[in-house]
Amino acid sequence: MLGLLGGGGSTLHAQPSTYSAMPIHVSVLVLGTTLAAFVTISFLLCMVLGFVAPDWGLHRPWLQFFSGLTGFDLRSLALGTIQSVIFGGYAGGLIAIIFTFTSRRLG
């Protein structure tokens, strides 16, 4: 525990910051895959919450963003997972493209 708090003989070395005006490149594949995984995991956790505690209603706001879901059945689970991967990947890829483009233009 002391090692995490800075004790135990660890030292902090500061390096001078160098500002680089080089544009930053964000990988479309990496960001698309990351966001697709995030959305898919979030959807699956939402479905688990709906199975565990359906009376709480905490899953309803999330499920309104998915089209064609009929409830907590295998069809809805598969459809929601596919939609999560597609739309998460699309959003992540588009964000990476826009970020890289604006970084090159304004960076």
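**Exercise 1.** In which helix is threonine 40 found? Classify threonine 40 as buried or exposed, and list its contacts.

*Solution.* The model is predicted: local features need pLDDT of at least 70, side-chain atom pairs count only at pLDDT 80 or more, and totals for chains, interfaces and linings use all residues. Residues are numbered from 1 along each chain as its sequence is written, and side-chain values use heavy atoms, without hydrogens and water.

Step 1. Threonine 40 is found in helix 1. Helices are DSSP runs (H or I, at least four residues), numbered from the N terminus.

Step 2. Its relative accessibility is 12%. Threonine 40 therefore counts as buried (under 20% relative accessible area; exposed is over 50%, partly exposed in between; 1.4 Å probe, protein chains only).

Step 3. Leave aside neighbours within four places in sequence: threonine 40 is in contact with Thr81, Ser84 and Val85. Contact means heavy atoms within 4.5 Å.

**Exercise 2.** Identify the residues of the largest nonpolar core.

*Solution.* Step 1. Apply the definition: buried Ala, Val, Leu, Ile, Met, Phe, Trp, Tyr and Cys residues joined through side-chain atoms within 4.5 Å.

Step 2. The five residues are Phe43, Cys46, Met47, Leu63 and Phe66. Helix 1 (residues 28–52) gives the most, with three residues.

**Exercise 3.** Locate serine 76 and determine whether serine 76 is buried or exposed.

*Solution.* Step 1. Serine 76 is found in helix 3 (residues 74–106).

Step 2. Its relative accessible area is 0%, so serine 76 is buried.

Step 3. Not counting residues up to four places away in sequence, serine 76 touches Phe43, Met47, Leu69, Thr70 and Gly71.

Key
Helix = DSSP H or I, 4+ residues; strand = E, 2+ residues; numbered from the N terminus.
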